[in-house]
Amino acid sequence: MKASSARVPQKKPKLGQHFLTDTVATIRIVEALGDLSRATVLEIGPGRGVLTSLLVRRARRIIAVETDRVLAAQLRMKFSLTPNVEIIEGDILAVDFQTLFGPKPGSTRPGMEQAPEKVSVVGNIPYFITSEILLRLFEHRTFFDTFVLMLQKEVADRLAARPGTSEYGLLSATAQLYAKVEKLLTLPPAAFSPPPKVHSTVVRLALSPKLETLQVGEEEFVRFLKVSFAQKRKTLWNNLKSQYPPDSLKRAMGKARIQPAARAEALTLEQSAALFRALSNDAGNSKRT
Ligand code: SAH
């Protein structure tokens with residue numbers, strides 16, 4: 001152990017390691033998950049295990065995914081006598097959720113024969129991969145019901161932003177397509193060791209995908225949102241004209257009652273969906289992707 005730590009530099013710039021030291025915040029994060037007595041919790045980046053230590057007393061089962069070898073090994077030691085914790089050394093962007101949370105037909109453990117209950121997700125996540133983590137969780141959302149995550153404050157503001165505000169953008173629209181977003185508390189850099197350069201905000205995302213009420217297909221609508229928000233300075237019209245013929249755009253905007261000069265960030269998800277549906281149904285629109 002000593003020999004290797006002497007050889008390897010201690011700095012790990014690529015892991016976003018800022019450990020939470022604020023006890024009150026730790027408790028509030030875990031409490032934001034609600035009653036966990038029958039729940040499985042996925043913890044992202046447990047680090048030194050401050051959140052994990054609280055979770056073990058509250059949750060039925062915890063799966064904690066930590067990419068740092070040394071930390072993962074330390075966590076295994078720390079929780080070796082705690083049967084409801086499983087430490088997985090791995091990358092949250094690569095772990096196989098199907099294997100972890102999917103139905104286990106061969107299992108004889110009581111309650112595990114069928115698809116288990118939905119998993120709650122918690123973590124003070126590495127900020128530099130926030131979008132990737134969120135998108136991956138949304139992609140596998142059938143396994144999950146609630147996420148309570150510590151994010152960089154500005155990212156949390158964008159996730160929770162209302163249409164028509166300067167923070168509203170593709171990330172807001174995508175997150176709000178899948179979940180109800182709530183900001184819970186904001187913490188200064190001093191709540192972490194070492195302190196990050198930014199403030200942090202804990203958000204709760206309660207999954208309740210709007211795809212059905214909006215009557216849109218997921219892949220096509222997400223692609224449409226990406227085109228709508230492609231260039232922030234441009235109007236919606238100018239962003240969409242790369243994909244749709246002008247006649248068709250004009251008819252669809254009229255039908256969805258959207259001003260030609262509108263910007264994507266001014267539209268509610270309902271309005272974006274109405275425009276998307278009108279464009280999809282427009283006979284003159286042959287350039288659809
Ligand atoms: N939750 C801890 C640590 C937060 S710091 C606390 O609140 O104190 C972020 C943690 O995520 C670090 O432990 C880091 O090693 C880990 N991490 C970084 N990239 C990761 C990845 N791709 N998958 C899983 N964990 C990762």
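## The sheet

An open sheet of seven strands, with mixed pairing, runs in the order S4-S3-S2-S5-S6-S9-S7. Strands here are DSSP E runs of at least two residues, helices are H or I runs of at least four, and both are numbered from the N terminus; two strands pair if DSSP finds at least two bridges between them. Strand S4 (85-89) and strand S7 (179-187) are the edges, each pairing on one side only. From one strand to the next, the twist averages 15°. Axes are lines fitted to C-alpha atoms, for helices over the stretch in contact, and angles run from 0 to 180 degrees between N-to-C directions.

This is a predicted model, where local features need pLDDT of at least 70 and side-chain atom pairs count only at pLDDT 80 or more, while totals for chains, interfaces and linings use all residues. Residues are numbered from 1 along each chain as its sequence is written, and side-chain values use heavy atoms, with hydrogens and water left out.

## Strand by strand

Let's look at some of the pairings. Strand S5 (residues 119-124) and strand S6 (residues 144-152) run parallel, joined by six bridges. Gly123 has Leu149 in S6 as its bridge partner. S6 also pairs with S9, in the antiparallel sense and over seven bridges; there, Leu151 has Thr201 in S9 as its bridge partner.

S9 pairs with S7 too, again in the antiparallel sense, over eight bridges. In that pairing Lys183 stands opposite Val203 in S9. Six of the eight residues of S9 are buried, so the strand is largely enclosed by the rest of the structure. Buried means under 20% relative accessible area, exposed means over 50%, and partly exposed is in between (1.4 Å probe, protein chains only).

## Helices against the sheet

Helix H3 (residues 50-58) lies across strand S2 (40-44), strand S3 (61-66), S4 and S5, and runs at about 175° to S2. Helix H7 (residues 153-160) lies across S6, S7 and strand S9 (200-207), at about 135° to S6.

Then there's helix H2 (residues 23-31), where Ala25, Thr26, Ile29 and Val30 are buried. Down the axis of H2, its buried residues fall within an arc of 135°, so they line one face of the helix; the arc is that of the directions from the helix axis to the C-beta atoms. These buried residues pack against strand S1 (19-20), H3, S5, S6, S7 and S9, where contact means heavy atoms within 4.5 Å. On the face of H2 turned away from the buried side sit the exposed residues Thr23 and Val24.

## Aromatic pairs

Rings of Phe, Tyr and Trp (its six-membered ring) pair if their centres lie within 6.5 Å; planes under 30 degrees apart count as stacked, over 60 as edge-to-face and the rest as tilted. By this rule the count comes to 13 aromatic pairs. Take Phe97 and Phe101: their ring centres are 6.2 Å apart and their planes are at 20°, so the pair is stacked. Phe97 and Phe101 are four residues apart in helix H5 (residues 97-101), which separates them by about one helical turn. Both Phe97 and Phe101 are buried. They belong to a cluster in which ring pairs link Phe97, Phe101, Phe138, Phe143, Phe144, Phe147 and Tyr178.

Phe221 lies in helix H10 (residues 218-228) and Phe276 in helix H13 (residues 269-281), so the pair ties together parts that are 55 residues apart in sequence. Phe221 is buried at 0% relative accessibility, and Phe276 is buried with a relative accessible area of 9%.

## Around Glu117

Glu117 lies in the loop between H5 and S5. At 30% relative accessibility, Glu117 counts as partly exposed. Leaving aside neighbours within four places in sequence, Glu117 is in contact with Arg38, Ala39, Thr40 and Arg60. The C-alpha atoms of Glu117 and Phe144 are separated by 8.7 Å, with the two residues 27 apart along the chain.

## The whole chain

Zooming out, the secondary structure of the chain comes to 13 helices and nine strands. Of the 289 residues in the chain, 48% are buried. Among contacts between residues at least 6 apart in sequence, 66% join residues at least 24 apart.

The accessible surface of the chain comes to about 15,300 Å², and 53% of that belongs to carbon and sulfur atoms. Accessible areas come from the Shrake-Rupley method with a 1.4 Å probe; for residues, only the protein chains shown count as cover.
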